[in-house]
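Here are some notes for a colleague who is opening this structure for the first time.

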Amino acid sequence: MQSYLKNPLFKTLSTCADELGMECYVIGGFVRDIFLKRPSNDIDVVVVGSGITMAEQVKKALGKQANLAVFKNFGTAQIKYKDTEIELVGARRESYTRGSRKPIVEDGTLQDDQNRRDFTINALAICLNQDRYGALLDPFGGITDIENKIIRTPLDPDITFSDDPLRMLRCIRFATQLHFHIEDKTYQSLITNKERIKIVSIERIVEELNKIIKSPKPSIGFILLKKTGLLALILPEIDALSGVETINGKSHKDVFYHTLEVLDKLATKTDNVWLRWAALFHDVGKPATKRFDKKIGWTFHNHNYIGERMLTHIFKRLKLPMGEQMRYVQKIVTLHMRPIALVEEEITDSAVRRLLFEAGDDIDDLMILCEADITSKNEAKAQRHLQNLQIVRQKLKDIEQKDHVRNFQPPIDGKEIMELFNLPPCAEVGTLKTAIKDAILDGIIPNEYDAAYSFMMQKAKEMGLS
Ligand code: ATP
Ligand code: MG
């Protein structure tokens, strides 16, 4: 065990605690991650006594290179030393009131402090005092649970989850990140207490959703959220994707499971968290646009545009960044069917140029989503689609090399048009601008000033402007 405490800082902590005559432990996620072999530089330390006094002693011992921050209101302190962050706090006992996840806090023993931890695997502590240096305190069988890959609460899960319902999301998040199984009673309690999630702030909910989305296999978390009923409460639009309807013997696919398959596949290709959010939302407009047509079966016309519009409300509610990031996700959602549609119609140069122009620098991300979006169970069909997308990729490359339309700005802008024709800002200016842009994208004229100028003059004549 002692060999796990490799960081020389543990010796410093040990000496300081003994000087102060305080019991001192490293506790929580850091200890769990030792056993999971997930090295971390965030160390949580609990002392029986004042965490701030302990932190001041440690600062003295480490000298100038250490940065101390004290949070008097919370009775906690933080030390930053080289690349390590140590949180120091006094052992505490907590009691909760029904309307809030903020506990009433009193000083307590190590045992009290372990009791307030959310899961057995998060309640492990290692003693740092010289006389018991390296001793593991595992009152709830956390090590066995790590070995068996099980998540369970140390005490009655109904109390643990009802006290602080954020723990329900942490539970599902750990199951997703670590690929662990949620023990039965703990799982049942997620269902029983799901409504309690309503007292948790949206910021904390989204923090956990982000951690699920960033995991290697996000579907684990979303399936758990769905089955426990939590998804309907926090992301009703994604919950609504689930289910299959059949009319005249024709069924559509379950869009919820399709979405998760897309998200998992995409997660193997990219760590871009916003692209992952885009995958989660790519078909969010389907329930609202679903129709049954006697001749062609199920349709979801314009579900990409409806999805794009829904995102404004969703981002606002989730307090996700509504600037650049939202516009990126919206763009990917709007365009997600375009590359496949290109193949189905005809891959003309002009269609490729338009796609390049609209996607701009996000074209590669869009193609990653399109490829992940192919989830056909028919292997031959899936292969055919993938090959077609390869052709689109090649074509995109060729056209971009030739025409440079990816980030193109039309060579004549609105201001110049206004000056040339002595026009105030008006509809005609827009018409001319669009005509020039379309002519370039359609390959009628090259992307050059002189060609654009003659084209514009011709067009202006037709419009009676000159
Ligand atoms: P990660 O750092 O990967 O998010 P973690 O378990 O280390 O996971 P932290 O938020 O860093 O999570 O918290 C450190 C420790 O504090 C946890 O391991 C756990 O013992 C305890 N803890 C954190 N949040 C809660 C909570 N809501 N309820 C009970 N204990 C908690
Ligand atoms: Mg942590």
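1. Helices, as the term is used here, are DSSP runs of H or I with at least four residues, numbered from the N terminus. The model is a predicted one, which should be kept in mind throughout.

2. With that numbering, D164 lies in the loop between α6 (157-163) and α7 (166-178). Is D164 buried or exposed? Its relative accessibility is 8%, and because buried means under 20%, D164 counts as buried. Leaving aside residues up to four places away in sequence, D164 touches Y96 and R101.

3. The largest nonpolar core holds 127 residues, and the members that touch the most others within this core are M54, F222, L225, W277 and F281. Taking M54 as an example, and again not counting residues up to four places away in sequence, its contacts are L13, C16, A17, L20, M22, C24, V47 and L88. There is also a second, separate core of eight residues, with Y25, V46, V89 and A125 among them.

4. A helix pair also deserves a look: the axes of α14 (residues 273-281) and α16 (residues 303-318) come within 13 Å and cross at roughly 125°. The two helices are therefore oblique to each other, and their crossing is right-handed.

5. Which residues make the contact of α14 with α16? From α14 come W274, W277 and F281, while α16 supplies L311, I314, F315 and L318. By class, the residues of this contact divide into seven nonpolar, no polar and no charged. W277 and F281 were also named above, in the list for the largest nonpolar core.

Methods
Residues numbered from 1 in each chain as written. Chains lettered and ligands numbered in written order. Predicted model: local features only at pLDDT ≥ 70, side-chain atom pairs only at ≥ 80, totals over all residues. Heavy atoms only, no water. Core = buried A, V, L, I, M, F, W, Y, C linked by side-chain atoms within 4.5 Å. Buried < 20%, exposed > 50% of the residue type's maximum accessible area, 1.4 Å probe, protein only. Contact = heavy atoms within 4.5 Å. Axes fitted to C-alpha atoms, helices over the stretch in contact; angles between N-to-C directions. Parallel < 35°, antiparallel > 145°, perpendicular 65-115°, else oblique. Left-handed = near helix turned anticlockwise from the far one by under 90°. Nonpolar A, V, L, I, M, F, W, Y, C, P; charged D, E, K, R; others polar.
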